[in-house]
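Me: Got a model open here. Can you walk me through the ring pairs and then the helix packing?

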Amino acid sequence: MKKLFQMIPSGFFNCLSSGSSSGVYSDCLQIIYDQYDREISYRISRSHIRDSLAVYLLENHVDFVEEDEKGARKNYNDLANGIIRKFCSKEVGWLEEEHDDATYEKYIIMTEQGILLAEFLQQLRAPEREEFSSYIYNIYNVLKNEEQWSGDPYVEGLRNVYRNAKMLSKSLKRLSTFIKKIIERMVQEETLESLTENILEYCEGSFIREYARLTKQQNIHIYRSFIRMKLERMQNDPALFELLVIGCAVEEELEEAEAREYVLDMIQRTRGFLADDYDRIMKEIKHKINVYLQIAVGRARFLRNREMDIRGNVEQTLRYITESMTETGWKSELPEEMAGLFLLDRNEFIDIGSIRFPRKAQSIREGTFAEVEELSQEDLRRAREEHERAAYNPYSKEKMKDYLEHVMGGQKQIQSDELPMESKRDLLCALSAAAYGAENGYTIQLEEGYMETNGMILRRFQISKEEESCR
């Protein structure tokens with residue numbers, strides 16, 4: 001593994017740890033980086049960079065960044081030139097200066113490490129909103145269009161899929177952490193107005209919209225079986241796997257044995273994330289969303305109901321008296337033994353509705369007696385019929401067996417597309433028949449693809465009679 005501090009200058013981070021000047025230096029690096037947006041390369045004339053920095057220093061009233069040895073103050077152009085020289089120094093290495101041999105003009109070039117640092121600072125200031133669902137679509141599209149990566153299966157195929165899966169994993173973890181921060185901020189809200197703004201920010205936030213995209217019909221569950229099938233083929237197809245190993249060995253500069261383990265690890269980690277880790281992350285995000293909403297609702301109820309009862313009125317009165325005495329100085333003159341009278345303890349997180357009082361066991365004070373009335377045969381018949389109606393189950397195991405025998409009509413197997421599902425009753429019959437299939441002597445086998453009926457997305461399946469049940 002390459003050592004980081006052998007690859008960058010010794011003072012690469014010094015400007016960001018220079019006390020009061022660190023903010024100015026980071027802003028200047030961002031300004032320089034922004035100047036290259038409309039350029040075809042990271043190369044601009046030195047005078048252009050100097051003028052941009054001078055404008056920033058003037059607008060922000062930065063009279064000096066660091067005083068020279070004599071303590072003399074400099075004008076804005078001199079300050080900008082000093083910042084450029086500092087960034088171009090070998091100790092810092094954010095910029096490089098070069099001369100044009102034809103025009104003798106000086107140019108400033110951002111180094112590779114300087115670009116990465118500027119992008120990192122920019123991401124900290126204003127994180128970009130990520131489209132989580134795009135990673136899923138990219139994985140699916142890459143694996144689906146095999147002819148596009150058949151020439152180089154490792155670089156254009158497996159590594160592309162692995163990179164998208166890894167980026168999706170990182171993004172979802174950040175999303176989960178961000179929701180946790182919002183929950184932590186929620187418990188610090190003190191007014192109903194600020195709490196309402198927080199809830200609106202949450203509902204309109206980018207991450208909740210992305211979560212909605214991941215949990216709607218266009219989500220990973222539609223593509224999961226296809227992605228898993230393609231990854232299994234990459235691992236189990238000897239010819240394709242050898243091409244992946246060869247491509248990995250060349251691209252990553254590894255020995256054949258190391259490349260084989262590397263490729264196998266990429267396939268297994270991608271499958272593991274899409275099969276198991278993805279579900280666990282999404283479950284955790286859903287749990288945190290539920291926690292957030294519960295805290296928001298409970299906190300809103302508490303803030304709304306607080307000080308609306310007699311106790312709240314008494315507390316408000318005492319609080320007003322206490323504040324008045326503090327302003328006039330009377331409170332400081334009170335004897336020490338009376339200080340406890342004005343200690344107001346407010347409960348910020350629990351309201352009366354959230355407290356459960358234990359129920360008292362009721363004792364039997366006197367015995368009661370009731371006459372026994374014998375039911376007639378007609379009363380017994382009516383009671384029996386009422387119980388039978390209450391216990392009737394139109395989707396029982398026995399009825400579902402008769403249902404399958406009726407719809408199959410002597411066939412040994414039937415596809416889910418052939419089952420009647422026009423009404424909700426038909427849909428419930430089909431699902432119940434599949435649920436009781438094994439107990440009724442049928443085999444239920446899942447197939448690729450999905451079908452939509454009655455506003456629901458169902459996985460396609462096939463129902464087959466077992467041989468023993470056919471005899």
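Reply: First the criterion: rings of Phe, Tyr and Trp (its six-membered ring) pair if their centres lie within 6.5 Å, and planes under 30 degrees apart count as stacked, over 60 as edge-to-face and the rest as tilted. This is a predicted model, where local features need pLDDT of at least 70, side-chain atom pairs count only at pLDDT 80 or more, and totals for chains, interfaces and linings use all residues. Residues are numbered from 1 along each chain as its sequence is written, and side-chain values use heavy atoms, with hydrogens and water left out.

Me: How many aromatic pairs does the structure hold?

Reply: Five. One of them is Phe12 with Phe13, edge-to-face at 5.0 Å centre to centre and 90° between the planes.

Me: Is Phe12 buried or exposed?

Reply: Phe12 is buried at 5% relative accessibility, while Phe13 is partly exposed at 37%. Buried means under 20% relative accessible area, exposed over 50%, partly exposed in between (1.4 Å probe, protein chains only).

Me: And which residues form the aromatic cluster?

Reply: Phe12, Phe13, Tyr25, Phe87 and Trp94.

Me: OK, helices. At what angle do H1 and H2 cross?

Reply: Roughly 135°, with the axes of H1 (residues 22–34) and H2 (residues 46–59) coming within 10 Å. Axes are lines fitted to C-alpha atoms, for helices over the stretch in contact, with angles from 0 to 180 degrees between N-to-C directions. Helices (H or I, at least four residues) are DSSP runs, numbered from the N terminus.

How values were computed
Helix = DSSP H or I, 4+ residues; strand = E, 2+ residues; numbered from the N terminus.
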